[in-house]
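Here are some notes to read beside the structure, written as numbered points. Please keep the view open and find each residue as it is named.

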Amino acid sequence: MRYDVIVVGARVAGATTAMLLARQGLRVLAVDRARFPSDTLSTHQVQLPGVARLHRWGLLDRVRAAGTPAAHRIRLDVGHAVLDGQFSPYQGVDAIYSPRRTFLDALLVEAARAAGAEVREGFVVDRVVGDGDRVTGIRGFERGHSPVTEVAHLVVGADGKHSRVAEAAGARRYRKRAARSFGCYTYWSGVPLSGGELYHRPGRAVAAFPTNDGLTMVYTAAPKAEFADFRADVDTHYRKTLDLCGDLGDRVRDGVRAERFRAAPDLPNLFRVPCGPGWALVGDAGVVMDPVTAQGIANAFRDAELLAEAVAGGIDGGPTHLDRALSAYWRQRDEAVRPMYDLTVRLAGLAPLRRMERRLLASIADRPDEVDRFLGAFGGAIPLPEYRRTLLCRLAKRQR
Ligand SMILES: Cc1cc2nc3c(=O)[nH]c(=O)nc-3n(C[C@H](O)[C@H](O)[C@H](O)COP(=O)(O)OP(=O)(O)OC[C@H]3O[C@@H](n4cnc5c(N)ncnc54)[C@H](O)[C@@H]3O)c2cc1C
């Protein structure tokens, strides 16, 4: 059978793409070498635009029903200033959530199946097949079985930052920036939080968020050059970092570590051209950035939605029409992600804040409405260019 679309990778980018395409009546096959539920190396803060999409797709109630705590408030402590604020309502939602990937990814796979997509778990893609320069399908296998070839009008790579689909299609890389930090996180019981907590210190970033099963996820980031040192004694280095963050170190000391430490030293920053004849990329396969701003899941959801709209509008018109629709997806994706990508790469350097930034944060810290707008922009709900354009005007007005 010829599918309309084959999606390689079935986590936040792939399962969502499969779900949205299947909801439009397309014949969709999604494959993943993983089986679900399963974890992946990622924390799981879903920013407001991502939460709004889950809501629109009818999935947010399931996230809530699984006991995923809502974080209505965020406290950002940058040392010389503390911004404590809440999220302004955005497209029907006003809180962010940190569902465990074991839960979220399985939920999306189930939603893709419910929409009519065929999902094959435990299926490894070992080759992308083509006709001339057009991608026409994949070859893959389930462990212990012979390889099979499947064909489609479009093959979507949702296969993560080391995407095989991107490599096979020859997707050009651009805006590549060196990896700058590494992350380390684990889960704690007995460390209750009333919302999310973020800390910025020279050479360090820390995030603490409540997640499922009454646990708190605590993430630390440090410069990549320190990784070898860190790895030699993870527990001590991790706790030393938390001790820089007010009483967080003490609160964690009063809690109990519920899971092993996870270290993430492979944090590249790059864009790939996300489409070509017969292929497209979504999620980390298309743009990957340091998790210091926790944008990857919301980005994956946005890509899935933009791509699904482009495919729906282009697939019936034949290959040329589809290729044109995919180019529009490329433009929209880059426009949406570039400002946050540039900010993320800079923050991933974990350098001390610039003087201007310090002054700005100090000047808005006691203005609740400005703090809320800042948090909205930092989480991706207010586009950064728009936030910057209007900020100075608003501050000047206040001073008059
Ligand atoms: C330490 C860390 C913390 C993070 N924290 C956050 C956070 O708090 N919030 C946030 O929004 N983002 C966070 N991110 C980023 C986020 O994890 C990614 O952006 C997101 O997982 C990308 O989703 P994806 O579906 O594109 O790719 P992935 O989640 O990488 O999924 C790719 C899938 O493709 C499958 N696959 C790959 N190759 C093949 C093949 N050949 N055949 C079959 N299947 C294949 C894999 O098995 C995998 O299941 C973090 C990342 C890291 C590393």
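Predicted model: local features only at pLDDT ≥ 70, side-chain atom pairs only at ≥ 80, totals over all residues.

1. The buried residues are Gly14, Ala15, Thr16, Thr17, Ala18, Met19, Leu20, Leu21 and Ala22. These buried residues of helix 1 pack against strand 1 (2-8), strand 2 (28-32), helix 4 (101-114), strand 10 (148-157) and helix 9. Just after helix 1 comes Gly25, which takes a positive phi of about 90°.

2. The interior deserves attention next. In soluble globular proteins, nonpolar side chains tend to be buried together. In this model the largest nonpolar core has 95 residues, and those with the most contacts inside it are Val5, Leu54, Phe301 and Val311. Helix 9 (residues 296-314) gives this core its largest share, which is nine residues.

3. The structure holds twelve aromatic pairs, and one of them, formed by Tyr174 and Trp330, is tilted, with 6.5 Å from centre to centre and 50° between the planes. This pair links distant parts of the chain, as Tyr174 belongs to strand 11 (residues 173-177) and Trp330 to helix 10 (residues 319-348), 156 residues apart. Tyr174 counts as buried because its relative accessibility is 16%, whereas Trp330, at 27% relative accessibility, counts as partly exposed.

4. Tyr238 and Phe261 form an aromatic pair that is edge-to-face, with 4.8 Å centre to centre and 70° between the planes. This pair, too, links distant parts of the chain: Tyr238 is in helix 7 (residues 234-242), while Phe261 is in the loop between strand 16 (256-257) and strand 17 (262-264), 23 residues apart. Both Tyr238 and Phe261 are buried.

5. Which residues do ring pairs link into a cluster? They are Tyr174, Phe271, Trp330 and Tyr341. Rings also meet charged side chains in this model: the charged end of Arg100 sits over the ring of Tyr187, 3.7 Å from its centre, and Arg120 lies over the face of Phe123, at 5.6 Å from the ring centre.

6. Most residues other than glycine have a negative phi, and most peptide bonds are trans. A cis peptide bond, with omega of about 5°, joins Phe36 and Pro37, and Pro37 is found in the loop between strand 2 and helix 2 (48-56). Gln91 is not a glycine, yet its phi is positive and near 45°; Gln91 lies in the loop between strand 5 (82-86) and strand 6 (96-97) and counts as partly exposed, at 47% relative accessibility. Arg175 likewise has a positive phi, of about 50°, although it is not a glycine. Arg175 is found in strand 11, and with a relative accessible area of 28% Arg175 is partly exposed.

7. Finally, the division of the chain can be followed by residue number. Domain 1 is made of the segments 2-44, 100-177 and 268-348, domain 2 covers 181-264, and domain 3 covers 355-399. The centres of domain 2 and domain 3, taken over C-alpha atoms, are separated by 27 Å.

How values were computed
Residues numbered from 1 in each chain as written. Heavy atoms only, no water. Phe/Tyr/Trp six-rings, centres within 6.5 Å; stacked < 30°, edge-to-face > 60°. Helix = DSSP H or I, 4+ residues; strand = E, 2+ residues; numbered from the N terminus. Buried < 20%, exposed > 50% of the residue type's maximum accessible area, 1.4 Å probe, protein only. Lys NZ or Arg CZ within 6 Å of the ring centre and 35° of its normal. Core = buried A, V, L, I, M, F, W, Y, C linked by side-chain atoms within 4.5 Å. Domains from an automatic or database assignment. Contact = heavy atoms within 4.5 Å.
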